[in-house]
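Hello,

Here is the structure I promised to pass on. My notes follow below it.

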Amino acid sequence: MMKDSTIQVICGPGKGKTASALGRGISALIHGKNVIMVQFLKGSMDSDNMEVLKRLEPEFKLFRFEKSPVVFDQLSEEETRINIRNGLNFSKKVLVTGECDILILDEILGILDEGILTLEELCALIGQARQSEAELIMTGTVYPAALDEWVDEVTKLQTRFE
């Protein structure tokens, strides 16, 4: 029986994209699946949040690609690009080795939007997820229409303003 290799995107200007992806990951744990979340473009996470997520290991693993505890914005642009590239290479390795059932790439659309990742590279990563039969969840603010033919489901979050 083939595993589900759904490609999902959670995007939009609204708040809650990461929380929604985390929720989907935690739901997957209930069904006995392994989840790996890779975060890009995130500042330092407070220790309480990290502690809660650590309790979900080894079934749910979170990887953040930042060299030091300094906030993301304080890294040089070159360091940032190297960290992001390391995160992308790690994500590819996870898909090739079949380490997880679900791979969450948090803010990957942000690095696409900033030109650190090309659309071709992202589509190749999506293709790799389909081959490995892993479910892929990607988040970010800006969703490029060019991804329409590559993804199965797009959830757009919109925050209502008073």
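Which helix gives the largest share of the negative patch? Helix α3 (residues 77-97) does, with 3 residues. This is a predicted model: local features need pLDDT of at least 70, side-chain atom pairs count only at pLDDT 80 or more, and totals for chains, interfaces and linings use all residues. Residues are numbered from 1 along each chain as its sequence is written, and side-chain values use heavy atoms, without hydrogens and water.

The patch sits on the surface and gathers Glu77, Glu78, Glu79, Asp113 and Glu114. Its members have over 30% relative accessible area and no salt bridge, with like charges joined within 9 Å. Glu114 lies in the loop between α4 (108-113) and α5 (119-132). Helices are DSSP runs of H or I, at least four residues; strands are runs of E, at least two.

Next, salt bridges. The count is 5, taking a side-chain nitrogen of Lys or Arg within 4 Å of a carboxyl oxygen of Asp or Glu. One of them joins Arg24 and Glu153 at 3.2 Å, N to O. Arg24 is in helix α1 (residues 17-30) and Glu153 in strand β6 (residues 153-156), so the pair ties together parts 129 residues apart in sequence. Another joins Asp152 and Arg130 at 3.0 Å. Asp152 is in the loop between β5 (135-140) and β6, Arg130 in helix α5, 22 residues apart.

Last, cysteines. The disulfide count is 0, with the cut-off at two cysteine sulfur atoms within 2.5 Å. Cys100 is buried at 6% relative accessibility, and Cys123 is buried at 8%. Buried means under 20% relative accessible area, exposed over 50%, partly exposed in between (1.4 Å probe, protein chains only).

Best wishes

Key: Patches are made of residues with over 30% relative accessible area and no salt bridge: like charges are joined within 9 Å, nonpolar side chains (Val, Leu, Ile, Met, Phe, Trp, Tyr) within 5 Å. Accessible areas come from the Shrake-Rupley method with a 1.4 Å probe; for residues, only the protein chains shown count as cover. Lys and Arg count as positive and Asp and Glu as negative; His and the chain ends are not counted. The place of a charge is taken as NZ of Lys, CZ of Arg, CG of Asp or CD of Glu.
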